[in-house]
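User: I would like to go through how the labels on this model were assigned. Please set each value against its cut-off.

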Amino acid sequence: MTKPDNDASARLTRRALIAGAGGAALAAPLLAQELGPMIDLGLPGGPSSRPLAPTFPGKGEMIVQRIRPPLLETPMAAFSEGTITPNDRMFVRWNWDMPTSINATAHRVAVGGAVKAPVSLTLDDITNAGEHVEVVAINQCAGNGRGLSEPRVTGTQWGNGAMGCAKWTGVRLKDVLAKAGVAAGATRVRFAGLDVPLTDGAPQFIKSIPLDIAMRDDVLVAWGMNGEPLPLLHGYPLRIVVPGWFSTYWVKMLSTIEVLTGEDDSYYVAKSYRMPAQPITPDDKDFPTVSITTMPPRAFITSHADGAAVTRGKPLTLEGIAMGGDAALARVDLVGPGLKLPCALGPDEGPYAFRRWSVTLPSVTQDLAGIGVRAANANGMVQPDTLVWNPSGYARNVIERITLRAQ
């Protein structure tokens, strides 16, 4: 976590506060008669091809999982370009319909519940609530990689591109809470945004985190993403950033902060985004569940796709990205049948960021079948060799393997 450059932060703040900045109408993309190019995600349990069109405003080439509300996946090739995911390549995930324009001057965030004095804060109030800080952190959908589950599970059939890493700029959530004063007995902090259910009676998307997490120095109310105001698709004008936790808690288009004194019985905490408390099989029923919270370590080969040809008798350098999840990345190893090599790690941009890795094999003598990279974090958590299956495909972190053909 760092303090952003003062001049750059001031420019960003002024831009974010301009009425309508980033809030110009977000026209829904029109489907052409032909969807155009497709990409094969290699999903084992069902239709595997996805369109790369239509193009959404402010976005480059993305994998279109759904148009309304938008679900856009980042092509894996984009992760070979660095540790920071550009705004136009960051994945998009909304549960319900989002507004297509925002009046920044009229926007308010209500802070209430178990507080000493409820307040309604303008964007000026929030940006002046405390020190401006910058955190580099991975934003990852809890269902990232779900489409690779065997047996197949329900939900959006993501490949591994429902993730990205950005530099987030904002103020600490605890400084915003201080504007209202947290009352005695507080246990959790709950957030709601401006997205609304598509059907009558459907639950609003609201999420909460424990008070001790809300009070961390790196949990933000953010208005900046990679040095620019948050794009509408990523939650303009404000969103919550919880480094190390899955993106379901990173509520977008923030409108309400509520301090609770007990457990959260709202649907998306008590009923949804939950996984088995202990490992189960696909035949198990009526098992206890726990909320999805922190991310586990993961690593990916980005320099070569599955099935790619490599030159026999020549050295081979493999590269990719890795994450420690809710703790700093400690180690990455290239693994495969009879193979285990430590990988060199690139620059460290913080415990919650992607980190580049690389390793060179002195000579390719045969096909490299079932190779992958295994990440371990500073807490001692290591990626497993086999999938720990769950019925929602949450928190996938099995070693992702590919085969390279020697020729």
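This is a predicted model: local features need pLDDT of at least 70, side-chain atom pairs count only at pLDDT 80 or more; totals for chains, interfaces and linings use all residues.

User: Why is the contact between Asp217 and Lys174 called a salt bridge?

Analyst: A salt bridge requires a side-chain nitrogen of Lys or Arg within 4 Å of a carboxyl oxygen of Asp or Glu. For Asp217 and Lys174 the N to O distance is 2.5 Å, so the pair meets the definition. The structure holds 12 salt bridges.

User: What makes Asp217 and Lys174 a link between distant parts of the chain?

Analyst: The two are 43 residues apart. Lys174 is in helix 3 (residues 173-178), and Asp217 is in the loop between helix 4 (211-214) and strand 12 (220-225). Helices (H or I, at least four residues) and strands (E, at least two) are DSSP runs, numbered from the N terminus. Both residues also belong to a network of salt bridges with Glu131 and Arg172.

User: Are Asp217 and Lys174 buried, exposed or partly exposed?

Analyst: Buried means under 20% relative accessible area, exposed over 50%, and partly exposed in between (1.4 Å probe, protein chains only). Asp217 has 37% and Lys174 has 27%, so each counts as partly exposed.

User: How do you know that Asp385 and Arg401 form a salt bridge?

Analyst: Their closest N and O atoms are 3.5 Å apart, and the limit is 4 Å, so the pair qualifies. Asp385 lies in the loop between strand 25 (368-377) and strand 26 (401-406), with Arg401 in strand 26, 16 residues apart. Arg401 is partly exposed at 36%.

User: Where do Arg396 and Glu400 stand, buried or exposed?

Analyst: Both Arg396 and Glu400 are buried. They form a salt bridge, with 2.8 Å between the closest N and O atoms.

User: What makes a group of residues a nonpolar core, and which members touch the most others in the largest one?

Analyst: A nonpolar core is a set of buried Ala, Val, Leu, Ile, Met, Phe, Trp, Tyr and Cys residues joined through side-chain atoms within 4.5 Å. The largest has 83 residues, of which Trp168, Leu173, Ile209 and Ile257 touch the most other members. A second, separate core of 21 residues includes Ile301, Leu316, Val364 and Ala406.

User: Which residues does Ile209 touch?

Analyst: Contact means heavy atoms within 4.5 Å. Leaving out residues up to four places away in sequence, the contacts of Ile209 include Leu173, Phe191, Val242 and Trp245.

User: Why is strand 21 (residues 329-336) called mostly covered?

Analyst: Six of its eight residues are buried.

User: How do you know that strand 21 pairs with strand 25 and with strand 22?

Analyst: Two strands pair if DSSP finds at least two bridges between them. Strand 21 has six bridges to strand 25 and four to strand 22 (residues 339-342), so both cases pass. Each pairing is antiparallel. Leu334 is the bridge partner of Val373 in strand 25, and Gly336 stands opposite Leu339 in strand 22.

User: What makes strand 19 (309-310) and strand 22 edge strands?

Analyst: Each pairs on one side only, in an open sheet of five strands with the order 19-26-25-21-22 and mixed pairing. Strand 19 pairs with strand 26 in the parallel sense over two bridges.

How values were computed
Residues are numbered from 1 along each chain as its sequence is written. Side-chain values use heavy atoms; hydrogens and water are left out.
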